[in-house]
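Good morning, and thank you for making time for this presentation. I would ask you to keep the sequence and the structure in view while I speak.

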Amino acid sequence: MIVDLRPFKLSAGVEAEDVAKRLMDYGFHAPTLSFPVAGTLMIEPTESENKAELDRFIDAMLAIREEIQEIESGAADKQNNVLKNAPHTQSRVLLGEWTMPYTREKAVFPLEYVKANKFWPSVSRIDSAYGDRNLVCACEPMESYVEK
């Protein structure tokens, strides 16, 4: 299914990428972004997903909608909020001073089920467009593959 998030860009400054990254804090792999339609998420649960897992995903999406409503109502800052700062890595949450306008618990344990099986993203958000244009290869140089 394709979830159209474009109206939230106008109402709260929230983009599809913000929702995708926030889903990682809820323990879900970020879905496909902007394909086949820009500003959308393509969500494709497999046949092996049971009802409990689908219900957990729905709970996460409903909770994210509430987080968007906090921005729309002015209760959360439009630029500095759990969606714009997602995903929240372990080092970001545990090391140093916490300066976010929301609690650490809200950042990493947004729903009760997350506490029992927390997935910690290894990296926070990067500039995706920059990364797409400036690829870095971590491979060994081609010369190292030459047999002597």
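This is a predicted model: local features need pLDDT of at least 70, side-chain atom pairs count only at pLDDT 80 or more; totals for chains, interfaces and linings use all residues.

What does the secondary structure of the chain come to? It comes to seven helices and three strands. Helices here are DSSP runs of H or I with at least four residues, strands are runs of E with at least two, and both are numbered from the N terminus. Read from the N terminus, the order of elements is β-α-α-β-β-α-α-α-α-α.

Residues are numbered from 1 along each chain as its sequence is written, and side-chain values use heavy atoms, with hydrogens and water left out.

Let us take the chain as a whole. Its C-alpha atoms fill a box of roughly 65 × 45 × 35 Å along the principal axes. The accessible surface is about 9,800 Å², and carbon and sulfur atoms hold 56% of that surface; the areas come from the Shrake-Rupley method with a 1.4 Å probe, and for residues only the protein chains shown count as cover. Of the 148 residues, 32% are buried. Buried means under 20% relative accessible area, exposed means over 50%, and partly exposed lies in between, again with a 1.4 Å probe and protein chains only. Contact, for its part, means heavy atoms within 4.5 Å. Among contacts between residues at least 6 apart in sequence, 64% join residues at least 24 apart.

I turn now to the interior. A nonpolar core is a set of buried Ala, Val, Leu, Ile, Met, Phe, Trp, Tyr and Cys residues joined through side-chain atoms within 4.5 Å. The largest such core has 28 residues, and those touching the most other members are Val14, Val19, Leu23, Leu41, Ile64, Ile68 and Leu83. Two or more residues come from each of α1 (6–12), α2 (16–25), α3 (51–73) and α5 (104–108). Helix α3 gives the largest share, seven residues.

Which residues does Val14 contact, leaving aside its neighbours within four places in sequence? They are Leu5, Phe8, Lys9, Val19, Ile68, Ile71, Leu83 and Lys84.

Ile64 is situated in helix α3. It counts as buried because its relative accessible area is 2%. Beyond four places in sequence, Ile64 is in contact with Val19, Arg22, Leu23, Tyr26 and Leu83.

That brings us to Arg22, in helix α2. Is Arg22 buried or exposed? Arg22 is buried, since its relative accessible area is 0%. Its side chain makes a polar contact with the side chain of Asp25 at 2.8 Å. A polar contact is a pair of N or O atoms within 3.5 Å; within protein, one must be able to donate a hydrogen and the other to accept it, and residues adjacent in sequence count only if both atoms are side-chain atoms. Not counting residues up to four places away, Arg22 also touches several others, including Ile64, Glu67, His88 and Pro110.

Two further residues close the survey. Gln69, in helix α3, is partly exposed at 39% relative accessible area. Its C-alpha atom is separated by 9.0 Å from that of Ser11, 58 residues apart along the chain. Leu94, in helix α4 (residues 90–94), counts as exposed because its relative accessibility is 54%.
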